[in-house]
Amino acid sequence: MSDTERLGARQVRDEDAFDVATVDAWLRGAADASAWGDGLPDVRQFPGGASNLTYLLRYPNQDLILRRPPAGTKAAGAHDMGREYRIQAALAPVFPYVAPMVALCTDETVLGSDFYVMERLVGSIPRKDFDVELTAAQTRELCINTLDLLVDLHAVDPAAAGLDALGKGEGYVARQIGGWTTRYRNVVTDNVSDMEDLMAWLAANQPADRGSCLIHNDFRFDNVVFSDADPTRPIGLLDWELATLGDPLMDLGCVLSYWIEASDDDMWQFVRMQPSNAPGMLSRAEVVAYYSEKSGLSVTDEEWKFYEAYGLFRLAGIAQQIYYRYHHGQTTNPRFEHFWVFVNMLGDRARQVAGLPAPGASV
């Protein structure tokens, strides 16, 4: 298997293509390209992302990563390339898990949108399954090391990174519930639940903020790069589009919304996006217990229901925003055709966590 195949990078989809020569010319003028080698880069696209588009630019002596927004209707404030670029550039001196930034382009005549370029972190990125063989003991170590990375991120001093202006002060929990409720209502289609019962439960049961720290908001295994020398050791954290200052338990709820464990049924295994079911992985309950112990932020089982239900609802909102674009012909990517099924699954699981009846059930 070639390195490109191992990375999962594929031919660029027609609707996501861009003028490589124009981007190359701009990039060589914006950065020191003396060590990259001559000629245009070989460009491939990473198919895994469902929000921003990510490309591999392979020069003779340097691999770069380009990030840009998708086409079509977007939620207000989403896909801010400048914000994502500046967060990583600011974090680099205090959090050694961000890729080196190369350049930010705000001239939409170059590619049709803002975009930024960074160096590729060389290592392994888990997708649905690992691309390296790991024992159960190694998998457990990888899982714990990844959770330690999350704890370390939450311990970063935002002021030391110059990121203290990211936050909006107290009320993060309330803003998230209100914001995601509005966003979900704006993209409901006739084949998904309106989730009004779940949104009402979240609004009625929201706790006060449990602190404020730097949170990633999309922390999952396929956004973590692991060392080739030691495949259990994280060396990088990717995709900072949603990072902000907020409640760390809300971030953990988002982490576990993706966490399909080995005991989940076949339908959940089918939609699984990461190897959280592998032998040696912690269960969802074990993740909460481990994070609580390491961070010193305790949460009871009853309290945790809100954060778990929130994470599932938020992921349903993200998936529905993407499906809405497909439903209205703003993208033809076949990956998104059945996202509505996933949205309904997430809503049903969130209701179960909250103790709400399933849609249509008698009470």
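Here is a short chat about the sheet and helices of this predicted model.

Colleague: What should I know before I start, and from which number are residues counted along each chain?
Modeller: This is a predicted model, where local features need pLDDT of at least 70, side-chain atom pairs count only at pLDDT 80 or more, and totals for chains, interfaces and linings use all residues. Side-chain values use heavy atoms, with hydrogens and water left out, and residues are numbered along each chain, as its sequence is written, from 1.

Colleague: In what order do the 5 strands of the open sheet come?
Modeller: Helices (H or I, at least four residues) and strands (E, at least two) are DSSP runs, numbered from the N terminus. Two strands pair if DSSP finds at least two bridges between them. Here the pairing is antiparallel, and the order is E1-E2-E3-E5-E4.

Colleague: Which are the edge strands?
Modeller: An edge strand here pairs on one side only. From one strand to the next, the twist averages 20°. The edge strands are E1 and E4.

Colleague: How many residues of E4 are buried?
Modeller: Buried means under 20% relative accessible area, with exposed over 50% and partly exposed in between (1.4 Å probe, protein chains only). E4 (residues 101-105) is joined by 4 bridges to E5 (residues 115-119), with Met101 opposite Met118. Strand E4 is largely enclosed by the rest of the structure, because its buried residues number 4 of the 5.

Colleague: Which helix lies across E3, E4 and E5?
Modeller: Contact means heavy atoms within 4.5 Å, and angles run from 0 to 180 degrees between N-to-C directions, with axes being lines fitted to C-alpha atoms, for helices over the stretch in contact. The helix in question runs at about 155° to E4 and spans residues 81-91. That is H3.

Colleague: What span does H11 reach from its first C-alpha to its last?
Modeller: The expected span of a helix is 1.5 Å times one less than its number of residues. H11 (residues 301-327) has 27 residues, and 39 Å is expected. Of those residues, 19 of the 27 are buried, so H11 is largely enclosed by the rest of the structure.

Colleague: At what angle do H6 and H11 pack?
Modeller: Two packed helices are described by the angle between their axes and the distance between the axes. For H6 (residues 172-187) and H11, the axes are 9 Å apart. The contact includes Trp180 and Tyr184 of H6 and Phe313 and Tyr324 of H11. The angle is about 35°.
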